[in-house]
Amino acid sequence: MPAQPQSTDPHPSPRPLLSSTQMRAETQKCHGCLDGACHRGCPVGVDAGAFIRRLRTDNIAGALAAILNQNPLPETTALVCPAEQLCQADCANKHWGQAVQVCLLQRYAAHHGRGQLRRARPAIDTDRKSVV
């Protein structure tokens, strides 16, 4: 019996980590609506259209930065957010097919973009140490 392939997903869940091909296919479903219905449906205020546009052009760090403007824990919220009742419920694409899977795209951006963001550096270099 052949061995089963090991998943590369560090956090298996009902919302799996998309491959880059799956991510591109999902971003193509977004029509970039002018009224931003998905944005209005997000209680955190994440502009889904903005980060999806960035993902579509492979600007993963930019997509994550757009998410981080409103949401400091994007990968966690992508796993637990009831998007089906929030932003995805307002998605215009659901009238022509299936709503854009915003949480899957947010998880992709958070997972793949975290290493690409520049780390914040202190404004003044001091010898002082701090504990948070």
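**View 1. Helix α6, largely enclosed by the rest of the structure.** Eleven of the twelve α6 residues are buried, so the rest of the structure largely encloses this helix. Buried here means under 20% relative accessible area, with exposed over 50% and partly exposed in between (1.4 Å probe, protein chains only). Look for Val102, Cys103, Leu104, Leu105, Gln106, Arg107, Tyr108, Ala109, Ala110, His111 and Gly113. Their cover includes α1 (20-28), α3 (48-56), α4 (60-68) and α5 (74-80); helices are DSSP runs (H or I, at least four residues), numbered from the N terminus. This is a predicted model: local features need pLDDT of at least 70, side-chain atom pairs count only at pLDDT 80 or more, and totals for chains, interfaces and linings use all residues. Residues are numbered from 1 along each chain as its sequence is written, and side-chain values use heavy atoms, with hydrogens and water left out.

**View 2. The span of α6.** At 1.5 Å a residue, residues 102-113 should span 16 Å, and the end C-alpha atoms do sit 16 Å apart. The expected figure is 1.5 Å times one less than the number of residues.

**View 3. Helix α4 and its cap.** Seven of the nine α4 residues are buried, among them Ile60, Leu64 and Ile67. Helices α3, α5 and α6 are part of what covers them. At the N-terminal end, a side-chain oxygen of asparagine 59 lies 2.8 Å from the backbone nitrogen of glycine 62, capping the helix.

**View 4. Glutamate 26 in helix α1.** This residue counts as buried because its relative accessibility is 11%. Leaving aside residues up to four places away in sequence, glutamate 26 touches Ala99, Val100, Gln101 and Leu105 (contact: heavy atoms within 4.5 Å).

Notes
Helix = DSSP H or I, 4+ residues; strand = E, 2+ residues; numbered from the N terminus. Polar contact = N/O pair within 3.5 Å; in protein donor to acceptor, adjacent residues only side chain to side chain.
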